[in-house]
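Please open the model in a viewer and keep the selection tool at hand.

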Amino acid sequence: MQQYRILSLDGGGTWALIQVKALIELYGSDASGREVLQEFNLVAANSGGSIVLGCLLENFTLGKILAYFNDEAQRKAIFSPSHSVPDRVLHELTGLGPKYSAEDKLPALRRVLVNTGDQALAKVVAGIRRRGAKEDLHALMIGFDYDRNRATFFRSANASGPEWGEGALADVTLAQAIHASTNAPVNYFDAPATFPGDDGRYWDGAISGCNNPVLAAVTEAIVLRQEPANIAALSIGTASVALPGPQPGEPRSPYVRTLVEPGLLNDLTKLSTSILDDPPDIASFLAHVMTGSGIGLNSPDADSRIVRMNPLISPVKKLVNGRDVWAAPGAMSPEQFKYLLGLNMDAVEQVQVDAISEYADLWLNNQTLNQPIRMNGDTLRKELGQSTFGAARAAWNAIE
């Protein structure tokens with residue numbers, strides 16, 4: 001039986017350029033979107049990852065997709081300022097409230113996806129098929145139904161059955177599905193995503209707990225009658241912050257986690273941003289369990305059928321004056337590290353994007369940590385998965 005291969009792309013706004021850089025490492029900058037997608041049976045995406053998927057379906061080369069994320073005008077077309085004066089004033093005064101226009105986002109997406117943006121998902125994936133597969137690529141984008149308070153899966157084909165219920169294909173265009181999936185609320189966009197001729201209203205799929213959509217993707221594959229132990233998934237993230245906890249005998253350090261005081265403002269900030277986090281990445285671990293917990297893999301490089309590629313914004317241990325201490329990765333200064341920690345997903349200024357891109361390069365060169373499937377949250381010690389990009393790449397090659 002041919003292995004069933006999944007590509008899963010996290011949300012994360014502009015930080016999704018990290019996914020493009022990872023794909024370039026795997027396939028080369030000249031690889032076209034369809035060439036990449038033909039390596040997989042199913043691809044799932046949320047938010048910024050949905051934009052990457054849209055560009056792949058548009059058949060841009062990976063180099064062109066990276067150029068798109070590096071184009072400040074393109075970024076600002078997606079993150080267009082809200083037309084609501086009260087919303088802008090609220091955000092300036094408190095740091096809370098929406099900054100961007102949901103209304104302006106859909107036209108911006110359509111301008112990028114000139115060939116596929118107005119096509120139905122089923123039509124967009126037609127003919128994209130992994131060698132030896134019997135069916136076209138199954139595409140899945142995640143949203144949240146604002147009125148029904150539940151997840152919405154925008155599918156390119158049915159995923160239904162008497163034992164599963166109805167999982168209908170999406171009656172929306174590619175650009176509309178991306179619009180819904182990218183519509184982060186509260187601190188970002190000023191209204192639910194809506195489409196002409198459709199009465200649905202949608203928020204970002206992160207609200208449904210699917211910012212990392214790999215668990216949704218594995219579930220979808222099983223509904224499509226794939227054997228769990230025959231599934232292999234490459235899950236690519238958009239960076240996660242992970243600071244170690246203070247340890248006995250260690251000196252105080254700016255690289256170690258500090259506690260914040262509970263309170264209305266701090267709690268609202270935490271709630272509005274926590275939808276983008278997934279510590280300790282429970283989606284990857286549950287997908288690992290669902291696909292057999294790595295049982296039967298006969299490779300020293302792979303301990304799971306789920307391979308997680310995601311840079312951790314974390315310090316690393318370095319020898320200083322004869323002691324192992326936490327320090328910034330590579331040649332980063334403490335100021336550069338702190339700056340990166342403070343960046344939100346809506347990084348649109350070029351200096352912000354350059355900082356993200358440079359950190360991605362550290363990760364790709366194994367100079368900073370990769371997020372494993374499970375790790376100790378205080379020591380950052382890997383328990384399952386791979387702690388460098390190079391090791392994760394080797395694991396994916398071993399599974400292939």
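**Stop 1**

Begin by selecting Met 309. Leaving aside neighbours within four places in sequence, Met 309 is in contact with Leu 26, Leu 234, Ser 235, Ile 236, Gly 237, Trp 363, Asn 370, Phe 389, Ala 392, Arg 393 and Trp 396; contact means heavy atoms within 4.5 Å. The model is a predicted one, in which local features need pLDDT of at least 70 and side-chain atom pairs count only at pLDDT 80 or more, while totals for chains, interfaces and linings use all residues. Residues are numbered from 1 along each chain as its sequence is written, and side-chain values use heavy atoms, with hydrogens and water left out.

Buried means under 20% relative accessible area, exposed over 50%, and partly exposed in between (1.4 Å probe, protein chains only). Helices (H or I, at least four residues) and strands (E, at least two) are DSSP runs, numbered from the N terminus.

**Stop 1: Ser 357**

Remain on helix α14 and select Ser 357, which lies in it. Ser 357 counts as buried because its relative accessibility is 14%. Beyond its neighbours within four places in sequence, Ser 357 is in contact with Leu 17 and Lys 21.

**Stop 2: the cavities**

How many cavities of 30 Å³ or more does the structure hold? There are 2. On a 1 Å grid over the protein atoms alone, a cavity is a set of points where a 1.4 Å probe fits but cannot get out, and lining residues have an atom within 4 Å of a point. Grid points are joined across faces, edges and corners, and a volume is the space filled by probe spheres set on the points.

Select Gly 13, Thr 14, Ile 51, Ile 78 and Phe 79: of the 14 residues that line the largest cavity, these lie nearest its centre. The volume of the largest cavity is about 150 Å³. Helices α3 (48-57), α4 (62-69) and α5 (72-78) each supply at least two residues of its lining. That lining divides into 7 nonpolar, 5 polar and 2 charged residues. Ala, Val, Leu, Ile, Met, Phe, Trp, Tyr, Cys and Pro count as nonpolar, Asp, Glu, Lys and Arg as charged, and the others, Gly among them, as polar.

For the second largest cavity, of about 30 Å³, select Ile 51, Gly 54, Cys 55, Leu 109, Val 112, Leu 113 and Ile 178, which line it. The largest share of this lining, 3 residues, comes from α3, and both α3 and α7 (102-112) supply at least two residues. The lining comprises 6 nonpolar residues, 1 polar and no charged.

**Stop 3: the cysteines**

Keep Cys 55 in the selection; its relative accessible area of 1% means that Cys 55 is buried. Cys 210 is also buried, with a relative accessible area of 12%. With a disulfide taken as a pair of cysteine sulfur atoms within 2.5 Å, the count comes to 0.

**Stop 5**

Select α9 (residues 174-181). The buried residues of α9 include Ile 178 and His 179.

Move to α10 (residues 214-223), where 8 of the 10 residues are buried, so this helix too is largely enclosed by the rest of the structure. Among the buried residues of α10 are Val 214, Glu 220 and Val 223. Arg 225, which follows α10, has a positive phi, near 70 degrees.

**Stop 4: two loops**

Is Gly 322 buried or exposed? Gly 322, in the loop between β11 (316-320) and β12 (323-327), is exposed, with a relative accessible area of 65%. Its C-alpha atom is separated by 28 Å from that of Leu 364, 42 residues apart along the chain.

Finally, select Ala 328, in the loop between β12 and α13 (334-341). Ala 328 counts as buried, at 3% relative accessibility. Leaving aside neighbours within four places in sequence, Ala 328 is in contact with Tyr 255, Val 316, Lys 318, Ser 333 and Phe 337. The C-alpha atoms of Ala 328 and Lys 318, 10 residues apart along the chain, are separated by 8.8 Å.

Methods
1 Å grid on protein atoms, 1.4 Å probe; cavity = no way out; pocket = protein on both sides within 12 Å on 5 of 7 lines; lining within 4 Å.
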